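Biologist: I would like to go through this model with you, one region at a time. Could we begin with the helices and then turn to the sheets?

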Amino acid sequence: MSQFKSEFLQTLEERGFTKQITHPDALDEYCATDTPIAYIGFDATADSLHVGSLLQIMMLRHLQRCGGKPIVLMGGGTTKIGDPTDKEKSRPLLTNEQIEANIAGIRKAFEPFLTFGDGPTDAVMVNNADWLDQLGYIEILRDIGVHFTINTMVKQETVARRLANEQPYTFLEFNYLLLQSYDFLELFRRQNCRLQLGGSDQWGNILGGVDLVHKADGGEAFGLTAHLITTASGGKMGKTADGAVWLNPDRKSPYEYWQFWRNTEDADVGRFLRLFTDLPISEIERLEAFEGAEINDAKIALANAATTLLHGEEAARESERAAAAVFGAGQADDALPTAEVARQTLEDGMLAAAAFTEAGLSQSNGEARRLIKQGAARVNDTPLSDQNATIGLDDLNENGAIKLSAGKKRHALIRPV
């Protein structure tokens, strides 16, 4: 039985999110008797979020489903510094134009998960550049810096590790804690936000914000972190041999997204069903009890549920159908990732290695040649052996496309235009 009485904290506990909480009894009371308002910050370092951010998005989704109000804080200001947490070296700095373009792309990732609007529990998206860009240096030192001690700041894990290893830790990065904490204070003042959520790597930054709200305004604020997710084999969540698993469909197709979840390790299925789907716990318990070959049915349920959340039910069904065609009858399908090339290119003969790169199955022609050399590259299910082989119009199948395969699980189409 849950130690909490509020639906939100019960949900996070039951589904395996919660790692650390400040003032758990007071937070439980706040969530049970009020409309809890919580935020998570996302720095705009790319034009899409990837699966590694999905845990945080799901926390905001559960908050809203339990009657709370989510705030998505875009780090238009803090991205200009770069979050040094858990980083061994400084991040490259981005221009204002790059940051704005990234924020526009990231916005798309939240729309399937949250309801935005002006209602009491509708999500809002705000940009910390709105207040950080207005701060003067003397103001920061006087109004914010006075509440932080160097003694505490150098004890943060990232700072301590960099210093111990004699790696550079710039004064610019050292200020990140102050600015992220100030975000919490501004949202407390502007939105009456009293809870910051995040991954456990953000615990030190979250504590800084909770403490600043109390010291600067005498306010009661809370922090809650989720476990950092790795796979059962110790891999980083959302990373594959093919790169990051992006949420925006222009970076990762629904079929590729579906395949990512379908390829979940056996030991992770139940945990991922809890964290990354809306399926009821009773259904999850039924699925995670499957053994042997039945585990594949649980993986398909996970892939369908996760893909439905992001891309919709029809895309999930199409992806499952495409996978059944590829792995069952060995046929290509329109739901597979598709790269379009000029018809003339195929008429002249296109280097197969270049086609694999164009289709996103390799990072370079050299990598594609290595796939061919290893016997891991196929065209229309026929293995390639010649690293200089070409494909052409004669290779078009009955669907007017050429199917490329890298290994057993990665497939794409080349289609002439």
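**Helix packing and sheets**

Modeller: Helix α10 passes helix α11 in a right-handed crossing. Please bear in mind throughout that this is a predicted model.

Biologist: At what angle do the axes of α10 and α11 cross?

Modeller: The axes of α10 (residues 176-191) and α11 (residues 203-217) cross at roughly 55° and come within 8 Å. The two helices are therefore oblique to each other.

Biologist: Which residues make that contact?

Modeller: On the α10 side they include Tyr-176, Leu-177, Gln-180, Phe-184, Leu-185 and Phe-188. On the α11 side, Gly-204, Ile-206, Gly-208, Gly-209, Val-210, Leu-212 and Val-213 are among them.

Biologist: And how do the residues of that contact divide into nonpolar, polar and charged?

Modeller: The contact of α10 with α11 has 11 nonpolar, 6 polar and 2 charged residues.

Biologist: What about α13 and α15: at what angle do they pack?

Modeller: Helix α13 (residues 269-276) and helix α15 (residues 295-311) pack at about 20°, and their axes are 10 Å apart. That angle makes α13 roughly parallel to α15. Their crossing is left-handed.

Biologist: Which residues meet there?

Modeller: From α13, Val-269, Phe-272, Leu-273 and Phe-276 take part. They meet Ile-295, Ala-298, Lys-299, Leu-302, Ala-306 and Leu-309 of α15. By class, the contact of α13 with α15 consists of 9 nonpolar residues, no polar ones and 1 charged.

Biologist: Let us change topic to the sheets. What is the strand order in the sheet of 6 strands?

Modeller: The order is β1-β6-β5-β2-β3-β4, in an open sheet with mixed pairing. At its edges stand β1 (18-21) and β4 (124-127); each has a single partner strand, so one side of each is left without a neighbour in the sheet. From one strand to the next, the twist averages 25°.

Biologist: In which sense do β2 and β3 pair?

Modeller: Strands β2 (residues 37-42) and β3 (residues 69-74) pair in the parallel sense, over 6 bridges. Within that pairing, Ala-38 stands opposite Pro-70 of β3.

Biologist: Which helices pack on this sheet?

Modeller: Helix α2 (residues 24-33) is one of them, touching β1, β2, β5 (195-199) and β6 (222-226). The direction of α2 makes about 95° with that of β6. Helix α3 (residues 54-65) packs on the sheet as well and touches β2, β3, β5 and β6. The direction of α3 makes about 160° with that of β2.

Biologist: Going back to β4, are its faces covered or uncovered?

Modeller: Both faces of β4 are covered. Val-124 and Val-126 lie on one side, Met-125 and Asn-127 on the other, and all are buried. In general, side chains in a regular strand alternate between the two faces of the sheet.

Biologist: How many bridges join β4 to β3?

Modeller: There are 4 bridges, and the pairing of β3 and β4 is parallel.

Biologist: Which residues of β9 are on its covered face, and which on its uncovered one?

Modeller: Ala-339 and Val-341 form the covered face of β9, whereas Thr-338 and Glu-340 form the uncovered one.

Biologist: How does β9 pair with β15?

Modeller: β9 pairs with β15 (residues 410-416) in the parallel sense, over 4 bridges. Glu-340 has Arg-415 of β15 as its bridge partner, and Val-341 has Pro-416.

Biologist: A few single residues remain. Is Ser-319 buried or exposed?

Modeller: Ser-319 has 2% relative accessibility and therefore counts as buried. This serine is in helix α16 (residues 313-329). Leaving aside residues up to four places away in sequence, Ser-319 touches Pro-254, Tyr-255 and Trp-258.

Biologist: And what is the phi of His-23?

Modeller: Phi of His-23 is near 45°, a positive value in a residue other than glycine. His-23 is in the loop between β1 and α2, and at 47% relative accessibility it counts as partly exposed.

Biologist: Where is Asn-192 found?

Modeller: Asn-192 is found in the loop between α10 and β5. Its phi, near 55°, is likewise positive in a residue other than glycine. With 43% relative accessibility, Asn-192 counts as partly exposed.

Terms used: Residues are numbered from 1 along each chain as its sequence is written. This is a predicted model: local features need pLDDT of at least 70, side-chain atom pairs count only at pLDDT 80 or more; totals for chains, interfaces and linings use all residues. Side-chain values use heavy atoms; hydrogens and water are left out. Two strands pair if DSSP finds at least two bridges between them. Axes are lines fitted to C-alpha atoms, for helices over the stretch in contact, and angles run from 0 to 180 degrees between N-to-C directions. Angles under 35 degrees count as roughly parallel, over 145 as roughly antiparallel, 65 to 115 as roughly perpendicular and the rest as oblique. A crossing is left-handed if the near helix is turned anticlockwise from the far one by less than a right angle, and right-handed if clockwise. Contact means heavy atoms within 4.5 Å. Ala, Val, Leu, Ile, Met, Phe, Trp, Tyr, Cys and Pro count as nonpolar, Asp, Glu, Lys and Arg as charged, and the others, Gly among them, as polar. Buried means under 20% relative accessible area, exposed over 50%, partly exposed in between (1.4 Å probe, protein chains only).
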